[in-house]
Amino acid sequence: MKVLRYYDRHTLKMEDWPVPDIAEDEVLVETRACGICASDILDWYREPKAPTFLGHEPAGVIVKTGSSVQNLKVGDRVFVHHHVPCFVCRYCRAGEFSMCPDFRASHIYPGGFAEFIKVPGENVRKGLLLLPENVSFVEATLVEPLACCIQAFKRSLFKRGDTVLVVGAGFNGLALTQLARIYGAGAVLVSEPDPFRRELAFSLGVDAVIDPNQEDVAEVLKEQNKGYLADVVFVTPPFPKAIEGAINCLERGGRLLLYAPSQPGEKVSLEINSFYFSHLTIRASYSASPLDTREALSLLEKGLIKTDLLINCVLPFSQFQEAFWKVRNDKKVIKCVLTFEKN
């Protein structure tokens, strides 16, 4: 079978690997589509682990099941989750599923950018979801990244009626913006320097789209929100300057959600006195649990997510080099999905 292997920021190869054998509690999935995540090109994170396999947003068809697998059969259309928690450790009992040791150790083999995927037993039992007929394979690649956004909302302590500011209108920012409307935000504003992405955010019916290079984001917030700043700010760019600017946009009692990691060693400047007396909270959100993937799939099934706005680049697996180049270099690409022909 064909599989993609990452060596460094300049080297991504399509290689021939054996189709994996499966154990009695595992399944083999023929991949039909897999989305490219921004973390797939996060070189400071990937290179220390290289050579490595990529792809964690796959959907496909079960082509083989182990002898003990129940409630699943050959031909089932499925979403495959790459990480699953144990649900019983101290982290899981606290709702911190992505901190679970089992979550971090679990994986699919070799990865989503492979013609066939071996799904381990724990992933089969906890992370494999049957796709509704009205959700295509391409749309199903949104289950995992959308679930990450859903977890971010939970961790932000969002409350219905809150004023939400989303910093960045890439895939995650646009998904978070849609969720803010679905979950009942009182007002939604988006800050984005790129004009194409600002236009996409505007099309979602937000209260304001701000160019941070031309406008004071905090002042626009006050103008749009009767003199108040934001209750919740989601920061999707992993840059200290963006985080520092976002802190200044928080209303008293506000919460800031860090959605993406900065490189090791990067720091932000924090004025402790103001932070303390304003009762501010900063939280982070990494990955998503099987509970979040189920909610994400439900939103997709109900047609509540504008998938055509999020996925605007679909290419065949054979054109992986072009696809990854676009993700790295083309600001007009929000989410690129690779599709696989049936073998």
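Start by selecting histidine 279, which is exposed, with a relative accessible area of 64%. (Exposed means over 50% relative accessible area, buried means under 20%, and partly exposed is in between, using a 1.4 Å probe and protein chains only.) Histidine 279 sits in the loop between α11 (272-277) and β14 (281-284). Check its backbone while you're there: phi is positive, about 60 degrees, although histidine 279 is not a glycine.

Before you move on, a word on what you have open. This is a predicted model, in which local features need pLDDT of at least 70 and side-chain atom pairs count only at pLDDT 80 or more, while totals for chains, interfaces and linings use all residues. Residues are numbered from 1 along each chain as its sequence is written, and side-chain values use heavy atoms, with hydrogens and water left out. As for the element names, helices (H or I, at least four residues) and strands (E, at least two) are DSSP runs, numbered from the N terminus.

**Another positive phi**

Jump to asparagine 71, in the loop between β5 (58-65) and β6 (77-80). Here phi is near 65 degrees, a positive value in a residue other than glycine. Asparagine 71 counts as exposed, because its relative accessibility is 74%.

**Two cis prolines**

Select alanine 50 and proline 51: the peptide bond between them is cis, with omega near -5 degrees. You'll find proline 51 in the loop between α1 and β4 (52-53). Now go to tyrosine 109 and proline 110, where the peptide bond is also cis, with omega near -5 degrees. Proline 110 belongs to the loop between α3 and β7 (116-119).

Pick aspartate 43 in helix α1 (residues 43-46). Is this aspartate 43 buried or exposed? It is buried, with a relative accessible area of 10%. Show its contacts (heavy atoms within 4.5 Å): not counting residues up to four places away in sequence, aspartate 43 touches Tyr6, Arg9, Pro48 and Arg328. Then draw a distance to glutamine 263, which is 220 residues apart from aspartate 43 along the chain; their C-alpha atoms are separated by 9.9 Å.

Valine 124 is next, in helix α4 (residues 121-127). Valine 124 is buried too, at a relative accessible area of 9%. Which residues is valine 124 in contact with, leaving aside its neighbours within four places in sequence? They are Asp25, Glu26, Val27, Val69, Leu72 and Val119.

Third, select serine 98 in the loop between α2 (90-93) and α3 (101-105). Serine 98 counts as buried because its relative accessibility is 5%. Around serine 98, not counting residues up to four places away in sequence, you'll see Phe103, Arg104, Gln151, Tyr286 and Ser287 in contact.

**Helix α7**

Select residues 171-182. Helix α7 has 12 residues and reaches 17 Å from its first C-alpha to its last, close to the 16 Å expected at 1.5 Å a residue. (That expected span is 1.5 Å times one less than the number of residues.) Color by burial and α7 turns out mostly covered, with 9 of its 12 residues buried; among them are Phe171, Leu174, Leu176 and Leu179. Just after α7, look for glycine 184, which takes a positive phi of about 90 degrees.

Pro145, Leu146, Cys149, Ile150, Ala152 and Phe153 of α6 make the contact with Phe171, Asn172, Ala175, Leu176, Leu179 and Ala180 of α7.

The axes of helix α6 (residues 143-155) and helix α12 (residues 290-301) come within 8 Å and cross at roughly 115 degrees. That makes α6 roughly perpendicular to α12. On the α6 side, the residues in contact include Val143, Ala147, Gln151 and Lys154, while the α12 side includes Asp292, Glu295, Leu297 and Leu300.

How values were computed: Axes fitted to C-alpha atoms, helices over the stretch in contact; angles between N-to-C directions. Parallel < 35°, antiparallel > 145°, perpendicular 65-115°, else oblique.
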